[in-house]
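Me: I would like to go through this protein slowly and ask a few questions about how its model is built. Please show it to me first.

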Amino acid sequence: MGYCFDSGALQEYSNRSIEMGYVKLREKLSLEQKTQIPDTAGGWKDIWLELGNHWCMIKDSMGKAVYKGSAMAQRVTHALVVRSSPYSKSTRPRFNQRFRSSDDRTFLIHAVFEKDNTGRYLVCLCEEALA
């Protein structure tokens with residue numbers, strides 16, 4: 001059983017999604033967190049600070065066309081599987097962080113949970129940021 005998110009909420013969808021046996025961590029992604037720094041005009045500017053690197057498996061791709069006003073946009077969601085790390089580590093993926101690949105693909109994290117009861121892997125439900 002997997003999950004699809006729409007309008008900021010997680011909704012179940014039925015497919016063969018996260019029920020995988022053998023995990024192959026082949027993609028190297030950097031984990032980033034949004035932070036604010038002062039700008040020159042007395043305000044704040046958002047930047048993405050790199051927290052560390054993860055090897056991951058990109059699983060489940062689901063695309064959807066959505067309308068924003070009168071324009072149509074597309075949303076692509078993925079489940080990324082990474083090796084688990086302790087809750088206290090800053091390199092553990094969390095909601096509102098993102099993964100970035102070497103070819104500048106960006107995956108915004110919407111949810112993180114353990115793959116199974118062994119606790120060896122985490123599943124990150126992400127939306128790919130499309131230009």
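Predicted model: local features only at pLDDT ≥ 70, side-chain atom pairs only at ≥ 80, totals over all residues.

Residues are numbered from 1 along each chain as its sequence is written, and side-chain values use heavy atoms, with hydrogens and water left out.

Me: Which element of the protein chain has the highest mean pLDDT?
Reply: pLDDT is the predictor's confidence in each residue, from 0 to 100, and the protein chain averages 83. Among its elements, strand β2 (residues 9-13) has the lowest mean, 37, while the highest, 96, belongs to strand β6.

Me: In what order do the 6 strands close into a barrel?
Reply: Strands here are DSSP runs (E, at least two residues), numbered from the N terminus, and two strands pair if DSSP finds at least two bridges between them. The pairing in the barrel is antiparallel, and the order is β3-β4-β5-β8-β7-β6.

Me: What is the bridge partner of V82 in β8?
Reply: Strand β5 covers residues 71-83 and strand β8 residues 121-128, and the two run antiparallel, joined by 8 bridges. In β8, the partner of V82 is L122.

Me: Is T106 buried or exposed?
Reply: T106 lies in strand β7, residues 106-114. Buried means under 20% relative accessible area, exposed over 50%, and partly exposed in between, with a 1.4 Å probe and protein chains only. Because its relative accessible area is 7%, T106 is buried.

Definitions and conventions. Helix = DSSP H or I, 4+ residues; strand = E, 2+ residues; numbered from the N terminus.
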